[in-house]
Structure formats: structure tokens, C-alpha cells
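The following exercises concern one protein structure, and each is followed by a worked solution.

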Amino acid sequence: LAVFILIFILCLFSPPFLCLCHCQDEEKEYMGHGPAVLLAPLFKQSSCSYRIESYWTYEVCHGKHVRQYHEEKEAGQKLNIQEYYLGTMSKPTDVPTKNVEGQLTPYYPVEMGNGTPCLLKQNQPRSTSVLYVCHPEAKHEILSIAEVTTCEYEVVVLTPLLCAHPKYRFKSSPVNTILCQALAGSPLRPHSLSQLDQQQEELLRPHFSPATEREEDTSPVREEAYTSTHKPLAVGGQAQVTVGTTHISRLTDEQLIKEFLSGSYCLHGGVGWWKYEFCYGKHVHQYHEDKEQGKSIVVVGSWNREEHYEWAKKNVARTYQLKDDGTQKVKVVSHFYGHGDVCDLTGKSRQVTVKLKCKESESPHAVTVYLLEPQTCQYILGVESPVICKILDTADENGLLSIPS
């Protein structure tokens with residue numbers, strides 16, 4: 001529906017004008033299908049959407065389950081899969097809104113429970129809320145996935161199917177057109193408006209003559225290429241950057257290696273609730289930052305050279321990989337960090353094995369950090385970066401690194 005409003009405008013020192021406003025009225029009542037019916041084709045297809053993070057792969061099989069898994073296959077060995085079911089299908093109870101990219105966005109929630117038991121919550125099953133959001137150009141992509149609380153996850157999926165329902169579209173402020181028509185005896189445009197346009201043209205006109213002065217060469221700054229985990233995605237008219245791999249300081253390689261090996265330059269990573277900090281030869285921290293409560297830190301492990309030596313006698317601290325030319329190259333070095341914070345579930349100190357691995361990347365300063373917990377409060381921290389490629393071959397029999405000559 002549209003409403004036409006007549007407006008009389010009295011301009012200073014100008015004759016009156018009659019203007020017609022073509023204003024948008026409230027949208028008419030929607031008589032189409034509800035969100036469950038609109039999404040039914042997606043659920044019937046038995047299709048799945050995937051998102052690859054630095055270590056984990058997330059699988060959302062629409063209307064069925066959410067799974068988190070990692071596949072690993074060594075040469076000559078069978079495929080090893082580590083997986084957790086984060087939730088299975090249950091019926092939604094409410095249709096709330098969520099702040100997506102600074103815009104209040106309606107979504108259709110699908111609750112999934114009965115996932116893999118969570119040790120940190122007395123073996124209660126993991127659960128996931130899958131939030132379906134209207135996006136006309138999407139192909140059911142996963143926009144984000146986060147662990148909002150321990151073993152409780154939230155996945156945002158972009159889908160065009162909900163856009164048929166007006167209550168699930170992005171709400172934009174209407175732009176109303178005003179058409180003005182001069183009354184009898186009035187000029188086509190008010191004199192004051194013509195003068196204002198002329199003043200603006202004078203201000204925008206360059207203050208030099210193109211014939212006598214050359215325009216300065218202002219080549220645009222090169223925009224850094226995104227890695228495979230840094231692809232911008234437009235949502236609601238704004239750009240979203242999904243971060244899985246972070247970038248470390250733009251120091252020279254020599255400076256960076258010196259500061260990294262001295263422990264003065266720490267690496268950070270992780271997505272979701274917990275983030276991780278690794279300071280070589282010092283500590284491994286797990287932390288969460290809150291605007292109101294500040295920063296909470298869990299010490300996962302602290303460095304002690306003698307304890308690492310004892311650990312290296314019983315474990316492999318340096319592993320090799322055979323190159324095409326028949327020579328050996330260090331593939332991974334492992335370090336032991338003990339004496340972390342006491343674990344409530346075991347009553348013992350946390351400890352972590354840090355695995356430093358070479359990872360080639362388009363960006364020479366990219367770093368990927370991920371944390372695994374194969375046993376309660378016993379962790380594996382993976383750190384992968386092109387910078388590590390430059391120092392792996394300096395590892396001694398205990399896996400300790402040094403500045404390359």
C-alpha cells in the first residue's frame with residue numbers, strides 16, 4: 001500500500017511550492033508459509049554444510065545433526081577420525097532476533113541436543129542452536145560457529161529460503177520519494193536551492209589548473225590478500241571477516257625469530273569462547289576476555305627445561321619427514337609444559353605438549369594455533385606457521401630450537 005501526502009512548502013524569499021510525498025505504508029499482512037515450511041526443502045534434501053577451521057571441520061546436516069571432527073592419515077596407515085556430535089534435531093520453541101553485523105536480525109532456530117557427552121559438564125550431552133538467517137544470495141553457508149558456553153554451541157547459517165517470509169528479512173529503513181511541482185507564477189526551482197547548488201559546485205571544483213599542474217600520482221595501497229580462512233562475506237550490507245588463521249607482527253624474519261625464541265613475542269589463536277597464548281620457553285595460557293568482568297586466564301602449562309629433558313627421554317621430541325631427494329627434514333618438534341593450574345576434575349596440575357610444525361602459506365607471517373584435550377586436563381597445543389619452517393632444522397635431540405646460522 002502507498003500513501004500520497006500533499007505538502008505545502010514555503011521557501012524563504014521564494015513563492016510557495018506544492019509537493020507530493022509518495023510514502024511507504026506498513027507492509028500488508030503476510031499470508032504465505034511459515035519458516036518451518038519454507039525450510040522444509042532444505043531438510044528433505046538431506047544436505048550438509050561444512051566449515052573448515054584451523055584444525056576442526058564442522059558439519060551441519062540440516063534437520064539432523066551438528067558434528068565436529070578431524071581426519072588424520074599417516075602414510076601407510078588407515079584414516080583416523082576424531083569426532084564429537086554437538087547436537088541432534090529437536091523442535092524449535094521460539095523465533096527471536098539476534099544482532100548480526102550490528103543489525104537486529106530475525107532468525108529461525110533449530111535446537112539440536114543429545115550430542116557426545118561432555119567431560120567438563122559431568123558427561124551431559126553437547127548441544128547446538130542452529131540459527132537460520134535470511135540472505136538472498138546465500139547457498140546455505142555457515143556464517144559463524146562458536147562455543148557460547150562449555151559444550152554448548154551456536155551456528156549461524158545463511159539461507160535464501162527464509163527470505164520469502166517478510167518477518168525473516170533484513171529490515172531496512174524505507175526511502176520515501178518527494179516530488180515537488182511549482183505552483184502558478186513560481187519558477188521551476190526555488191532561487192535559494194539554485195544558489196546552494198552553485199556554491200557546492202564551487203567548493204568541489206579543484207583549486208589548480210589541469211593545464212599547468214600535474215595531478216599527483218596516488219596509487220592505491222595494496223590490499224593484503226585473504227588466506228583461505230579469511231574470506232570476506234557480505235551480510236546485511238556490511239563486510240564480515242571470519243578469522244581462523246591470525247597474522248603475527250610484520251617484523252623482519254631475523255627479528256621475529258629472535259623475539260619468538262626468547263619468549264618476548266607470544267603467539268595467539270583460537271576461535272569461540274576460549275583463546276590461546278603461547279610464549280616459547282615460558283608458558284601456555286587459555287583465556288577469555290569479557291568487557292564487564294575482564295580477562296580470565298587458565299594456566300595450561302609452564303616451561304621447565306629439566307622437566308622437558310625428562311619427558312624427552314620417554315617421548316619423541318623431534319620427528320622427521322623423508323623428502324623426494326632422499327634426505328631427511330625435521331617435520332615436527334614437541335615440547336612439554338607442566339605445572340599448570342590445578343584441574344577440578346582430576347585434582348592434578350594441567351599439562352600440555354606443544355607441537356611446532358612447518359606450514360607453508362600465501363602469507364609468510366600467518367600462524368595457526370589450536371588446542372586439543374585427548375585426556376582430561378592433558379592438552380596438545382598445535383602451532384603451525386611459515387616462520388617455524390625457518391627454524392625447525394635447528395632442533396637438537398631434545399627438540400629445542402635455536403637461531404639459524
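**Exercise 1. Classify E154 as buried, partly exposed or exposed, and identify the salt-bridge partner of this residue.**

Solution. The structure is a predicted model.

Step 1. The relative accessibility of E154 is 21%. Buried means under 20% and exposed means over 50%, so E154 counts as partly exposed.

Step 2. E154 forms a salt bridge with K98, and the closest N and O atoms of the two residues are 3.0 Å apart.

Step 3. K98 has a relative accessibility of 26% and therefore also counts as partly exposed.

Step 4. K98 belongs to strand β7 (residues 97-100) and E154 to strand β14 (residues 152-159), so the pair ties together parts that are 56 residues apart in sequence.

**Exercise 2. Describe the salt bridge of D393 and state where each partner lies.**

Solution. 

Step 1. The partner of D393 is K329, with 3.1 Å between the closest N and O atoms.

Step 2. D393 is found in the segment after α5, whereas K329 is in strand β24. The two residues are 64 residues apart, and the pair links distant parts of the chain.

Step 3. D393 counts as partly exposed because its relative accessibility is 48%. K329, at 27%, counts as partly exposed as well.

**Exercise 3. Determine whether E59 and R67 are buried or exposed, and name the network to which they belong.**

Solution. 

Step 1. The side chains of E59 and R67 form a salt bridge with an N to O distance of 3.0 Å.

Step 2. The relative accessible area is 7% for E59 and 13% for R67. Both values are under 20%, so E59 is buried and R67 is buried.

Step 3. Salt bridges with shared partners join E59, R67 and E83 into one network.

Step 4. In the whole structure, the search finds 7 salt bridges.

**Exercise 4. State which residues touch the most other members of the largest nonpolar core, and which elements contribute to this core.**

Solution. 

Step 1. The largest nonpolar core has 33 residues, of which F278, L356, L381 and V383 touch the most other members.

Step 2. Among the elements that give two or more residues to this core are the helices α3 (253-262) and α5 (386-389), together with strands including β20 (275-279), β25 (351-358) and β27 (378-385). The greatest contribution, 4 residues, comes from α3.

Step 3. Consider F278 in detail. Leaving aside residues up to four places away in sequence, F278 touches F260, C266, L267, H283, V284, Y337, V354, L356, L381 and V383.

Step 4. There is also a second, separate core of 25 residues, and M112, V130, I145 and C163 are included in it.

**Exercise 5. Describe the largest pocket by its volume, its central residues and the classes of its lining.**

Solution. 

Step 1. The volume of the largest pocket is about 1,100 Å³.

Step 2. Its lining consists of 45 residues, and those that lie nearest the centre are L120, E147, W274, Y276 and E373.

Step 3. Two or more lining residues come from each of β6 (80-90), β10 (117-118), β13 (142-149) and β26 (366-375). The largest share, 7 residues, is given by β26.

Step 4. Sorted by class, the lining of this pocket contains 27 nonpolar, 12 polar and 6 charged residues.

Definitions and conventions. Residues numbered from 1 in each chain as written. Predicted model: local features only at pLDDT ≥ 70, side-chain atom pairs only at ≥ 80, totals over all residues. Heavy atoms only, no water. 1 Å grid on protein atoms, 1.4 Å probe; cavity = no way out; pocket = protein on both sides within 12 Å on 5 of 7 lines; lining within 4 Å. Points joined across faces, edges and corners; volume = space filled by probe spheres on them. Nonpolar A, V, L, I, M, F, W, Y, C, P; charged D, E, K, R; others polar. Core = buried A, V, L, I, M, F, W, Y, C linked by side-chain atoms within 4.5 Å. Buried < 20%, exposed > 50% of the residue type's maximum accessible area, 1.4 Å probe, protein only. Contact = heavy atoms within 4.5 Å. Salt bridge = Lys/Arg side-chain N within 4 Å of Asp/Glu carboxyl O.
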